[in-house]
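Work through the exercises below with the structure open. Try each task before you read its solution.

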Amino acid sequence: MNDLLNLKGTFQQENRNSRPGPPSLPANTKVSVQHMKKLFDELLVLKDYWQKENVITGALISVQYIDVIAKSRRISGFLSKGSVTANSSVVGAKFADEITPDNIISRKHIITHYVSLAILDESIRRLSSSIEVVEKTFNGVISSETVEKINKKKINFKPNEIAPTTFLNIVVDCHYVEKFFVSQEVEEFKTDTIITIYKTDNTKAVLEKVGINVLPSRIYHETTLLLTPDQLAILQSRASYLIAMATTDISKLSKEILLGPSEDLVTIPSPSNEPTIGVIDTMFWEDVYFSEWVEFKKRIPDDIELEQKDYFHGTSVSSIIVDGPTINPELDDGCGRFKVRHFGVATSGHFNSFTILRTIDEIIKENRDIKVWNLSLGSEKEIHPNFISPEAAILDKIQSENDVIFIIAGTNKRANDGEERYIGSPADSINSLVVNSVDYNNKPVSYSRKGPVLSFFNKPDVSYYGGDRSNPIKVCCETGGQIVAGTSFAAPWIARKMSYLIDVLGLSREVAKALIVDSAASWKKQDAPSKYIGYGVVPIRIEEIIKSKDDEIRFVISGTSEKYNTYNYSLPVPISKDMYPYIAKATLCYFPVCSRNQGVDYTNTELDLHFGRLNGRTVKTINDNKQGEDGSYIYEGNARTFFRKWDNVKHIVEYPKKGSRPKKVYETKMWGLSIKTTERLEEKYGEGLNFGVVITLKEINGVNRIDEFIKQCFLKNWLVTSVNVENRIDIYNIAEEEVEFDNE
């Protein structure tokens, strides 16, 4: 087998040169004055509504579009004034599904803005003037052809009350906007509820106007609140428009399957310099045989009375991380043993979401030496289709701000839950690596729950062996050996592999995550739907992740996005008989800043992966991705479906076909890698964003060309190192040795 190669080179950075074109309508479309008048009436109703409201100083305006809308197609003439853009006022986004007369589901964007009344007045004025122009100058309808002629100055057009460009922006906005309205949430909750309100004025002052006094300890990150049922009823009665999202505070834990006792293990050597994995779970039973390997920290109040069952789940999870291969020799991954720092944050029955939000944040800040965290706690309740859970949001925030990664269990379905059930929080965490369970035939098990998250993000990420009745997982718990099944017992195996890649082999978390995903995604198309197994099943042995077959060249590249285009066009892929005899695949991972208050538009930054042969200065991508190329436009829905736009994991692949032919060699005789950065909000969250890419070239004739590739990389100023397990372990051991200084 060939070693994995680590390539280090210089990425070039460049700004986006192309500027947005003039406002234009899609070909063969028209905007009627009747539709414009409908929108005008809706804005007048909203103005009257917000003039009578005194809870907030501005206006919350929800805009429903005709489709899933790209950032470039969102309103620019409406809800803007001077230097204030409409995009800067976005405070929320969700999807609405409608059934068409043909019985097809039509998905539409609803984006909520918070603007001043002056900006609302300006939008009404602009629309009024535009209506007058369309009626008097264009006989009540304006077409895409007419708009194009105005842009090309083929029509002498000089309205008195509105600038031509503003007029065209309003017309184009009217085409994409279906309606303006006030969104109001009135779902009833009978327990303490976590509420996220739209970001408007000072949160405490707004709530006091409504008649609600919230203690500071019940406010998290400014707009997330813990309210009693009475407080929620007041908010819904007096200002329901403030509520962006709501979920119950107390969550029942997703249950694992306990199948019976197993033989006990009683011996284990003492730990030395093994890496430490963090575990956030229920309690840990300190009388088990491997307790010397676990540092336990109780993080629940002492007045909570604990029972024996409160120790089962957490102890079992830690037993896999410490000594899983000894207990389950058929799953020996070659990673050895790991130490555990175990934080008990919940009992066996339920967990308090709001408390866990604060606790996890504190734990990570206090334990910055740990890079990999296992979280196998999960809610029985399904995720919401239009917003991320508060628990997942805090995990995403922690990972975007710190060099850590969470491995999350995909949660379990109960026997009486029916055929399909969506995963539970915090398995909706986008930055985390979410793990579902499969049987030994790599098929989803009976307790599998499904994705996607926010109707789009591919969760779970990967799957592993979590046991079933035919082939259970063996663990050690407070009562001794047990046989079990559940996603909670699949996730720790992946945590072990991640820690090995990061802590032992010294790879970045971006590269390590990409390697795990890439190893699961084979050259064959998936038989099972990705909503259950993600990108596929991770191999058991670590060698299968960090090595490749003799006919494959597999390498990793790390980089940092600083500008729109981060690129290197000097990848010297070996040529044979003036052709490239390869198929290829690539996986990109990064950890973006996310905004829960943006709803379905959750990730703030998009990194778009372009990899393939270089033709001039254009990368001919292996997946025919033309996003960002001059003259190319792809509808937002298609960009999300085919190129995973806004997803922080990109996997592109050329599947082998019968009679696959070598590829043409262009004049440059190089391959290129380009990462294009797009921001969803005004802030530049993508500046300084790290990424990791795994690339595999498979020789279609079975020839091993890795030595030639390494040689050519050196000639092109790439620093190439082999990720050789033995060498890396020696380096790790030396680095972990305690140095004694001679004081004489």
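**Exercise 1.** In which sense do strand E27 (residues 565-571) and strand E34 (residues 671-679) pair, and over how many bridges?

*Solution.* Note before starting that this is a predicted model.
- Step 1. Compare the two strands. E27 and E34 pair in the antiparallel sense, over five bridges.
- Step 2. Thr566 stands opposite Ile675 in E34.
- Step 3. Widen the view to the sheet. It is open and has five strands, in the order E2-E27-E34-E30-E31, with antiparallel pairing.
- Step 4. Look at the edges. Strand E2 (12-14) and strand E31 (618-621) each pair on one side only.

**Exercise 2.** Determine how strand E21 (residues 433-438) is covered and which strands it is joined to.

*Solution.* 
- Step 1. Count the buried residues. Six of the six residues of E21 are buried, which leaves the strand mostly covered.
- Step 2. Take one partner strand. Strand E20 (residues 405-409) runs parallel to E21 and is joined to it by three bridges. Ile408 has Val434 of E21 as its bridge partner.
- Step 3. Take another. Four bridges join E21 to strand E22 (residues 462-465), again in parallel. Val435 has Val462 of E22 as its bridge partner.

**Exercise 3.** Decide why Asp601 counts as buried, then describe its surroundings.

*Solution.* 
- Step 1. Asp601 sits in the loop between strand E29 (582-590) and strand E30 (605-615).
- Step 2. Apply the cut-off. Buried means under 20% relative accessible area. Asp601 has 1% relative accessibility, so it counts as buried.
- Step 3. List the contacts. Leaving out residues up to four places away in sequence, Asp601 touches Arg74, Ala93, His109, Ile111, Ser595, Arg640 and Arg680.
- Step 4. Pick out a polar contact. The side chains of Asp601 and Arg74 are joined by one of 2.7 Å.

**Exercise 4.** How many cavities of 30 Å³ or more does the structure hold, and which residues line the largest cavity?

*Solution.* 
- Step 1. Count them. There are six cavities of 30 Å³ or more.
- Step 2. Take the largest cavity. About 60 Å³ of space lies in it.
- Step 3. Read off its lining: Ile280, Val345, Phe351, Ile356, Ile360, Leu375, Leu377, Glu391 and Pro426.

Definitions and conventions. Residues are numbered from 1 along each chain as its sequence is written. This is a predicted model: local features need pLDDT of at least 70, side-chain atom pairs count only at pLDDT 80 or more; totals for chains, interfaces and linings use all residues. Side-chain values use heavy atoms; hydrogens and water are left out. Buried means under 20% relative accessible area, exposed over 50%, partly exposed in between (1.4 Å probe, protein chains only). Two strands pair if DSSP finds at least two bridges between them. A polar contact is a pair of N or O atoms within 3.5 Å; within protein, one must be able to donate a hydrogen and the other to accept it, and residues adjacent in sequence count only if both atoms are side-chain atoms. Contact means heavy atoms within 4.5 Å. On a 1 Å grid over the protein atoms alone, a cavity is a set of points where a 1.4 Å probe fits but cannot get out, and a pocket is an open set with protein on both sides within 12 Å along at least five of seven lines; lining residues have an atom within 4 Å of a point. Grid points are joined across faces, edges and corners, and a volume is the space filled by probe spheres set on the points.
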